[in-house]
Amino acid sequence: MLDLTIIGAGPAGMTAALYALRSGLNVGIIEQGAPGGQLLKTEKIDNYPGFADGVLGMDLATNMFIQISAFENFQLINDTAKKITRTSNGFTVDISTEKVETKAVIIATGGYPRTLDIPGEKEYSGKGVSYCAICDGFFFKGKIVAVIGGGNTALEDAIYLSSMAKEVYLIHRRNTFRGSKILVDKLKSLSNVHLVLEKIPVEIKGDNKVSEIVVKDVKKNVISNLYVNGVFLAIGQIMNSDFVKETLATDDTGHIVVDEKMKSVIPGLFACGDVITKDLRQVSTAVGDGAIAGQMAYEYLSKL
Ligand code: NAP
């Protein structure tokens with residue numbers, strides 16, 4: 001039986017693991033993809049303390065994983081968590097083929113990209129429609145692309161894509177941005193980025209590959225077309241919390257409610273990172289949450 005099972009190997013989960021491992025706990029992380037989570041989809045992080053010139057998301061993810069892998073009391077379980085059940089001496093976490101027995105659990109599963117659900121989006125997914133600028137931007141070198149959204153992801157994606165694409169349209173449904181001012185200012189300084197504000201995408205068209213996006217002016221209700229080769233969607237996240245819904249209540253946006261010690265209402269069950277209800281979702285806050293969750297899990301297990 002594991003002392004602690006962490007679900008999700010993003011920055012929150014890996015930091016929780018680091019603190020728990022250093023306290024001597026036997027720790028398993030269940031991760032369905034590569035360790036790193038959202039870090040793997042972020043080219044460069046400019047606001048992580050200690051890196052004055054920024055740090056590549058891939059490098060930060062790799063170093064976090066190297067750091068925890070060095071512990072003998074660590075194991076990576078490459079699988080998907082399907083259900084958490086309370087037992088008389090802890091919890092079982094159902095994965096594809098077996099049940100992981102554990103004394104405590106930390107949920108650090110983050111989220112996945114929200115879709116627009118407009119005509120053409122599914123049809124052209126992988127044929128010009130993308131949810132990851134870092135993964136697919138390279139294919140649009142010298143081309144014209146649109147980025148949808150007004151949060152930090154959309155702003156960062158537009159900045160990143162402007163370095164390789166010929167033209168970037170940032171399409172946002174309002175005329176103010178949810179994302180940070182420093183990114184908005186940078187974006188406005190780039191000559192090949194064009195802000196298309198108060199417009200919502202209504203259709204993505206093409207012929208085998210994306211060739212245009214149809215947008216509607218939210219005030220005038222007027223339809224217009226932009227000729228683009230690629231559409232990058234960055235309209236927020238849906239939380240990976242469905243698998244806990246039978247065990248634990250989430251808020252109406254799927255976030256898990258925890259206290260300042262990352263404790264849920266169930267003793268021994270913690271959550272941290274983007275998946276919890278909070279105001280600021282950053283790598284730095286994920287890491288902070290993870291440290292607290294790892295330490296609180298240790299304290300919980302010490303008292304058993
Ligand atoms: P987000 O902050 O939730 O922003 C989503 C954006 O998409 C909003 O501008 C929203 O418009 C727009 N949107 C949502 N649904 C839409 C729809 N159906 N049609 C058109 N537009 C739609 O999501 P995010 O940018 O992915 O960021 C998620 C979290 O990660 C945030 O807390 C963010 O700060 C954090 N993050 C931080 C960094 C960083 O600091 N380096 C980088 C990336 C992400 P409205 O504004 O009108 O609602």
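1. How much space lies in the second largest pocket? About 210 Å³. A pocket here is an open set of points on a 1 Å grid over the protein atoms alone, where a 1.4 Å probe fits, with protein on both sides within 12 Å along at least five of seven lines. The volume is the space filled by probe spheres set on the points, joined across faces, edges and corners.

2. This is a predicted model; local features need pLDDT of at least 70, side-chain atom pairs need 80 or more, and totals for chains, interfaces and linings use all residues. Numbering starts from 1 along each chain as its sequence is written, and side-chain values use heavy atoms, without hydrogens or water.

3. The lining of that second pocket (residues with an atom within 4 Å of a point) includes Gly126, Lys127, Asp136 and Phe139. By class, the lining has 4 nonpolar, 4 polar and 4 charged residues. Ala, Val, Leu, Ile, Met, Phe, Trp, Tyr, Cys and Pro count as nonpolar; Asp, Glu, Lys and Arg as charged; the others, Gly among them, as polar.

4. Now the ligand. Of the 17 residues around the ligand, Glu156, Arg174, Arg178, Arg281 and Gln282 come nearest. Here "around" calls for a heavy atom within 4 Å. This shell splits into 3 nonpolar, 9 polar and 5 charged residues.

5. Look at the polar contacts (N or O pairs within 3.5 Å). A polar side-chain atom of Arg178 sits 2.5 Å from a ligand oxygen. For Arg174, a polar side-chain atom is 2.7 Å from an oxygen of the ligand. Arg281 uses a polar backbone atom, 3.4 Å from a ligand oxygen.

Methods: A polar contact is a pair of N or O atoms within 3.5 Å; within protein, one must be able to donate a hydrogen and the other to accept it, and residues adjacent in sequence count only if both atoms are side-chain atoms.
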